[in-house]
Amino acid sequence: MSTASASPGTRAEGTGATSREPLIWIDGRLVPKSEAKVSVFDHGFLYGDGVFEGIRVYGGRIFKLGSHLDRLWQSARFIRLEVSRSREEIDRAVRETVVANGLTDAYIRLVVSRGEGTLGLNPFRCPRSTVIVIADRIELYPPELYEKGMRVIVAKRPRIPIAALDPSIKSLNYLNNILAKVEAIDAGVLEAIMLNMDGEVSECTGDNIFAVVGDRLLTPPKEAGILHGITRRFVMEDIAPACGLRAAESRMRLADLRAADEVFLTGTAAEIIGVTHIDDAAVGGGRVGPCTRRCTEEFRRRVARSAPED
Ligand code: PXG
């Protein structure tokens with residue numbers, strides 16, 4: 001989701017933060033970007049050994065920070081990574097980094113890497129994990145894409161199976177997604193639907209996927225091999241009911257998506273965005289449908305009014 005032209009991230013006036021270098025929080029210190037460095041022996045760099053979160057800030061409120069911290073710790077536990085800071089310390093670090101950069105609407109990247117170790121794979125020879133908080137302007141899909149909807153392809157490469165590396169772990173190892181994203185870029189589009197090894201729809205490279213069928217809002221279940229998206233959950237629990245839609249998890253194949261009334265994607269950066277074509281075939285009449293529009297509006301209204309931080 002990073003190809004975009006729009007850059008609505010706003011730096012507050014009068015803080016001086018516009019003229020200075022961005023400040024990065026790294027292992028307890030806020031340092032200018034040019035000095036924010038990690039060791040070449042960090043296993044996050046050497047092996048993609050670590051976990052991360054991408055988080056939005058709306059009007060100074062950290063959207064779903066509690067849920068992001070829950071997921072970060074779940075991911076860390078799964079890869080047997082001990083986060084070197086407490087939950088409260090990281091909560092504070094996130095807020096401090098946003099304020100220090102004078103940002104009110106932003107994108108936060110929270111990274112916990114395995115830390116510095118030896119050249120061998122053994123993660124337990126890395127004594128202390130490295131924690132990094134980056135707060136930056138958010139790069140979004142171009143605004144007209146929300147109006148017109150977006151084209152996606154179906155990646156030829158399957159989503160990595162749960163048994164090999166559960167996609168619910170938000171690890172630093174994103175090559176499966178990156179290679180599917182390259183397929184999308186080669187095809188001239190911005191996202192790719194990924195199927196699991198059984199040929200079922202799982203998710204996109206950086207977004208979850210939904211189908212509207214009548215008054216039902218369907219999305220692949222966790223067993224399909226997906227990241228348990230925080231936007232996905234917010235849409236299912238809060239946005240769908242407010243829009244008169246009944247949300248449910250449902251295994252689906254491509255034919256189900258193609259036959260749906262509407263298809264849309266959800267993600268921290270994308271929020272909610274309609275899909276008009278899958279591999280050149282129109283879905284939902286090739287337009288952004290009314291349910292997608294209602295959900296998008298409801299989402300925007302809620303985060304603009306008072307973004308929930310739970
Ligand atoms: N699936 C995958 C594989 C993701 O990486 C989502 C779904 C949506 O989850 P949330 O919790 O954000 O609703 C994601 C998260 C980017 C970028 O710059 C996007 C994500 C992660 C990292 C980078 O495009 N999306």
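Hi everyone. Let me start with a definition: a residue is buried at under 20% relative accessible area, exposed at over 50%, and partly exposed in between, using a 1.4 Å probe and protein chains only. This is a predicted model, where local features need pLDDT of at least 70 and side-chain atom pairs count only at pLDDT 80 or more, while totals for chains, interfaces and linings use all residues. Residues are numbered from 1 along each chain as its sequence is written, and side-chain values use heavy atoms, with hydrogens and water left out.

First, helix H8. Helices here are DSSP runs of H or I with at least four residues, strands are E runs of at least two, and both are numbered from the N terminus. Which residues of H8 are buried? They are Cys291, Thr292, Cys295, Thr296, Glu298, Phe299 and Val303.

Now the ligand. I'll call a pair of N or O atoms within 3.5 Å a polar contact. A polar side-chain atom of threonine 268 is 2.4 Å from a ligand oxygen. For glycine 206, a backbone N or O atom lies 3.0 Å from a ligand nitrogen. Lysine 170 has a side-chain N or O atom 3.4 Å from an oxygen of the ligand. Taken alone, the ligand exposes 550 Å², and the protein buries 90% of that, with areas from the Shrake-Rupley method and a 1.4 Å probe. Thanks, everyone!

Key
Polar contact = N/O pair within 3.5 Å; in protein donor to acceptor, adjacent residues only side chain to side chain.
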